[in-house]
Amino acid sequence: MCIRDRLATDWNMRNTGVVVLRTRMLQACGMVPQEQITDKDSIPSDSLDIVKFTLDVIVRACDDRIAKVYESALDLLHVLATNYVGQLVKKSKGADPNVAPDALAALFEPAVVGILPKLNHRNERLRYKSEQLLLHVCRIPYLGPRCISRLVADVDAFRARKFTGPTLVGVLQLIRLVIEEFSVGDRSGFEPDRVMEVVVPALENKHLDVRKAATELYAVLYLAVGEKAHALNELISGLKPQVKAKCTSAVNLLKTKNGGHSPACLLYTSPSPRD
């Protein structure tokens, strides 16, 4: 395959390589009109190696300084997740553990992490597109919200990434949106205690935007856990009174907005006991 050769030093060539790979992938999924189909550089229609190769291309494009290259990588990820992997999963009929949800979430994690810094990109359109793509990935049954929840499943690894203030804002907002839609527990993979290990220090972060995002996430989490909310209060009991007051205010505001609860909170189930 000559795709890797196209990821050259010239940004236009790098972008072309990503675009061509997307076209080849669409062709492999039967989504290219018959008159436009070519055998040149064709790719197999159900190869896990192609998935891994494409994710590697996307990860590198996430670090590209040229926005156009990054945006093309988002389009490529959309086709990969929605069409190509879907085709692969369908063919496996649940028999291949390499395309089980947890295995796929692990494969996609580097690409998800690569997109996170763009959640607070100066370009509003790219910022929105990045966020919406990650939410779209969460809605795909064979990938799901665990692509995001696994980011905080290992809190030490989360902290080791040392997200900057602006990036942390975007990450906290994304987690809030995912919990609003999928709640916590088995359905989403978010464990409230793990999320709070991220939220609590963010509530006292030096950046105002980080504190605001953490407060909004706390409020959503508070409603999502339902009758277990008292446990969250205990986790913030050692914080400054003004911080706790803002959390309480955010919860009350959200309760008023949602009529006392969020739809997702009705889906909460406690995590299964660990072996």
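Begin by selecting helix H4, residues 67-92, together with helix H5, residues 101-115, in this predicted model; their axes come within 12 Å of each other and cross at roughly 170 degrees. Because an angle over 145 degrees counts as roughly antiparallel, H4 is roughly antiparallel to H5. To see what makes the contact, show the side chains of Tyr70, Leu74, Leu77, Leu80, Ala81, Val85 and Val89 on H4, and those of Leu104, Phe108 and Ile115 on H5. Coloured by class, this contact of H4 with H5 shows ten nonpolar residues, with no polar and no charged residues.

Next, zoom out to the whole protein chain, which holds 13 helices and zero strands, so that a cartoon coloured along the sequence follows the pattern α-α-α-α-α-α-α-α-α-α-α-α-α. Of the 275 residues in the chain, 48% count as buried. Among contacts between residues at least 6 apart in sequence, 71% join residues that are at least 24 apart.

From there, select helix H7, residues 146-153, where Cys147, Ile148, Ser149, Leu151 and Val152 are buried. If you then display the surroundings of these buried residues, you will find that they pack against H5, helix H6 (124-138), H8, H9 and H10.

Draw a distance from its C-alpha atom to that of lysine 118, ten residues away along the chain, and the separation is 9.1 Å.

The next stop is valine 171 in helix H9, which is buried, with a relative accessible area of 2%.

Now turn to the backbone angles. Most residues other than glycine have a negative phi, and two residues in this chain are worth checking against that background. Select lysine 162, in the loop between helix H8 (155-160) and H9; although lysine 162 is not a glycine, its phi is positive, at about 50 degrees. Lysine 162 is exposed, with a relative accessible area of 70%.

Then move to serine 183, in the loop between H9 and helix H10 (192-203), which has a positive phi of about 65 degrees although it, too, is not a glycine. Is serine 183 buried or exposed? With a relative accessibility of 0%, serine 183 counts as buried.

Finish at the largest pocket, which holds about 410 Å³ of space. To centre the view on this pocket, select Lys212, Thr215, Glu216, Lys246 and Ala250, which lie nearest its centre among the 18 residues of the lining. The elements that contribute two or more residues to this lining are helix H9 (165-182), helix H11 (208-224) and helix H13 (241-257). Which helix gives the largest share of the lining? That helix is H13, with eight residues. Colouring the lining of the largest pocket by class brings out eight nonpolar, three polar and seven charged residues.

How values were computed
Residues numbered from 1 in each chain as written. Predicted model: local features only at pLDDT ≥ 70, side-chain atom pairs only at ≥ 80, totals over all residues. Heavy atoms only, no water. 1 Å grid on protein atoms, 1.4 Å probe; cavity = no way out; pocket = protein on both sides within 12 Å on 5 of 7 lines; lining within 4 Å. Points joined across faces, edges and corners; volume = space filled by probe spheres on them. Helix = DSSP H or I, 4+ residues; strand = E, 2+ residues; numbered from the N terminus. Nonpolar A, V, L, I, M, F, W, Y, C, P; charged D, E, K, R; others polar. Axes fitted to C-alpha atoms, helices over the stretch in contact; angles between N-to-C directions. Parallel < 35°, antiparallel > 145°, perpendicular 65-115°, else oblique. Contact = heavy atoms within 4.5 Å. Buried < 20%, exposed > 50% of the residue type's maximum accessible area, 1.4 Å probe, protein only.
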